[in-house]
Amino acid sequence: MIDNVSVVIPCYNEAKTISSIIDKIKEINSIWEIIVIDDGSTDDSYDIIKQYEVIIIKNPYNLGMGASVKKGIIKATREYVVLIDGDGQHDPSDIPKLLEYVDEYDMVVGSRVNNGSLSKVRCISNYFLKSFAQQITKQKISDLTSGFRAFKRDLVLPYLPLFPNRFSYSTTLTICMIKSSMNIKYVNLSTIVGRKHGKSSINLFFDGMKFINIIIKIIMLYSPQTILMPFGIAGLAIAIALTVYQLVNHSKFSPNVGIFYLAGVLTILLSLIAEQITNLRYELIELSKDSNKNRNINYGK
């Protein structure tokens, strides 16, 4: 079993579950570093956490899941990081199942199996978001929003500035790693259930719209052509269809259709330019990394 692990647990009003989670983690491996982020809890969560020999980060008020996870990853000192929710959805005894693949893959995600623990509305919402992300990324995604995952800390640090402070940090991280051509392993876990206590503060409609917005922003950051090109092609298709219609039915061409031609062509050109700028930027980043690595080697000599 891997010992060089930091377990990061975001916690907000989880007094009924946090102690059992910490106890189980310590039973599995007593030398793992455990970092608990109390995100401005108003119940007894913080007092319970203080009873354990763990690293505690206390937010003065509720900053959000994403902000707490970012703080935990930054605070972590071990090579590997495991993220696990503090609400009892995840079984700590499954952590070794994730760590089994962490050397072979860049990130390992505990994927939820439909065991009836989620409502039909929640299942439909998750399915829609996952399908949307798969369509844009052209990659199979078993679970887009699971907060149970393991990875090498250094690989994830560059993406932390992109994490939203509230929800969907998991969506952001998944999309970023896919677009960076990293390998993700999904481990099906039937033990992942709904919240054991309390109520989720996620609004399916409004937060669902935020998830979609985040997916689009990440794709625009890594591959703008994926978003822009379809709009350009659609503009040209509309223009051609209107031209054919007018010529067949009125034997003349309206200059107003030229707007669609212009919009379509400009959008296609914009997508090509944006894609080249993005590729150039990441090439420069890779060159900078190689330069810094060589500089460190020379300093070492």
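**Exercise 1.** Is Phe163 buried or exposed?

*Solution.* The model is a predicted one, in which local features need pLDDT of at least 70, side-chain atom pairs count only at pLDDT 80 or more, and totals for chains, interfaces and linings use all residues. Residues are numbered from 1 along each chain as its sequence is written, and side-chain values use heavy atoms, with hydrogens and water left out. Buried means under 20% relative accessible area, exposed over 50%, and partly exposed in between, with a 1.4 Å probe and protein chains only. Phe163 has a relative accessible area of 4% and is therefore buried.

**Exercise 2.** Classify the aromatic pairs of the structure.

*Solution.* Rings of Phe, Tyr and Trp (its six-membered ring) pair if their centres lie within 6.5 Å, and planes under 30 degrees apart count as stacked, over 60 as edge-to-face and the rest as tilted. The structure holds 2 such pairs. In one, Tyr101 and Tyr105 lie 6.4 Å apart, centre to centre, with 70° between the planes, which is edge-to-face; Tyr101 is partly exposed because its relative accessibility is 24%, and Tyr105 is likewise partly exposed at 24%. For Phe163 and Tyr169 the centres are 5.9 Å apart and the planes stand at 40°, so this pair is tilted. Tyr169, at 4% relative accessibility, is buried.

**Exercise 3.** Describe the surroundings of Ser146.

*Solution.* Begin with its position: Ser146 belongs to the loop between helix H5 (120–137) and strand S6 (149–152), where helices (H or I, at least four residues) and strands (E, at least two) are DSSP runs numbered from the N terminus. With a relative accessible area of 1%, Ser146 is buried. Next come its contacts (heavy atoms within 4.5 Å): leaving aside residues up to four places away in sequence, Ser146 touches Val109, Gly110, Arg112 and Ser170. Finally, a polar atom of the Ser146 side chain lies 2.6 Å from the backbone oxygen of Gly110.

**Exercise 4.** Give the strand order of the sheet and identify its edges.

*Solution.* The open sheet is formed by 7 strands in the order S3-S2-S1-S4-S6-S5-S7, with mixed pairing, two strands being paired if DSSP finds at least two bridges between them. Strand S3 (55–59) and S7 each have a single partner strand and stand at the edges, so one side of each lacks a neighbour in the sheet. From one strand to the next, the twist averages 20°. S5 and S7 pair in the parallel sense over 6 bridges, and Ser111 stands opposite Asn188 in S7.

Definitions and conventions
Polar contact = N/O pair within 3.5 Å; in protein donor to acceptor, adjacent residues only side chain to side chain. Axes fitted to C-alpha atoms, helices over the stretch in contact; angles between N-to-C directions.
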